[in-house]
Amino acid sequence: MLDENSLVVTYNDWRGEQRSLHAKKAQVKGLPVGGLRRLQCLRGGVSDGIDIRDGQQMECITCALCIDACDGVMDKLGKPRGLIAYATLSEYSTNMSLATDEGRTAIQPSRVRNEDGTFVPAIRHFDWRIIFRPRTVFYAVAWASVGMAMLVHLAFRERLELNVVHDRNPQYVLESDGSLRNGYTLRVLNMVPTPRDVNISLVGLEGATMRIPEFGKEDARGFTVHAEPDAATTLKVFVTRKPTGAAINEFLFVIEDTDHADRATYRAAFNAPGDIK
């Protein structure tokens with residue numbers, strides 16, 4: 001997603017080389033003096049072995065601590081900030097072309113700086129208008145659309161959900177009175193930050209009743225369960241009915257909270273002899 005107009009941490013060596021720790025001595029000798037003085041930027045980063053003067057590196061996390069360290073040194077020396085700064089490749093290339101006479105010479109500080117240390121008017125600086133390009137506008141619209149879709153999904157998401165798993169072994173149990181019993185594991189997901197009471201009931205499967213061992217040995221068509229806030233409540237449920245000789249019977253587990261008008265259903269199967277192949 002980067003291009004030549006993306007801002008990255010950059011060592012602006014077009015401000016002048018050679019690198020010198022003794023600028024005054026070099027100037028007396030008539031040698032060119034660049035912008036670099038003290039290597040505080042090498043101690044400013046959080047990762048060892050990274051030298052911003054070598055350009056972009058995979059290990060760099062763009063913490064920009066080298067910028068802060070360099071600007072501090074520039075302030076003490078009375079030099080303009082920005083030897084290390086956020087810059088674009090396009091901006092850097094233009095300034096480097098100016099400092100080297102379009103690549104025909106080595107970097108010449110005199111081509112980019114006046115005698116008083118200020119930069120010549122031809123130096124290119126970052127222009128905020130380049131942010132509003134078709135590429136960036138497209139990315140902005142795309143990310144905004146994703147964000148809006150997530151907000152809409154979050155706002156209208158179900159706040160009560162039910163998951164049901166049928167016992168695999170045994171698929172059914174034949175009781176002493178001839179009734180058939182199927183076992184299920186129910187997970188009631190309460191996705192609100194407050195506790196609430198949820199009604200669990202059977203819809204369909206006429207003549208069937210269910211039992212929740214946690215509530216005793218009572219059989220009924222429905223129970224009320226306390227659901228903890230932002231949590232899943234797991235229940236073991238046994239559904240019992242007289243055999244009818246029909247094929248696999250389907251029915252619904254229904255949970256609802258009448259106080260919040262939330263409701264969820266799950267279609268389950270009631271297995272009987274001859275259904276399992």
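V9 is placed in strand β1, strands being DSSP runs of E with at least two residues and helices runs of H or I with at least four, both numbered from the N terminus. The model is predicted, so local features need pLDDT of at least 70 and side-chain atom pairs count only at pLDDT 80 or more, while totals for chains, interfaces and linings use all residues. Residues are numbered from 1 along each chain as its sequence is written, and side-chain values use heavy atoms, with hydrogens and water left out.

Beyond residues up to four places away in sequence, V9 touches I52, Q56, T62, C66, I67, I84, A85 and Y86; contact means heavy atoms within 4.5 Å.

N95 belongs to helix α4, residues 89-99.

Relative accessible area classes a residue as buried under 20%, exposed over 50% and partly exposed in between (1.4 Å probe, protein chains only).

| Residue | Relative accessible area | Class |
|---|---|---|
| V9 | 3% | buried |
| N95 | 0% | buried |
| M1 | 64% | exposed |

M1 lies in the segment before β1 (8-11). Together with W143, V146 and M150, M1 forms a nonpolar surface patch of about 510 Å² accessible area. Such patches comprise residues with over 30% relative accessible area and no salt bridge, nonpolar side chains (Val, Leu, Ile, Met, Phe, Trp, Tyr) being joined within 5 Å and like charges within 9 Å. A salt bridge is a side-chain nitrogen of Lys or Arg within 4 Å of a carboxyl oxygen of Asp or Glu. Accessible areas come from the Shrake-Rupley method with a 1.4 Å probe, and for residues only the protein chains shown count as cover.
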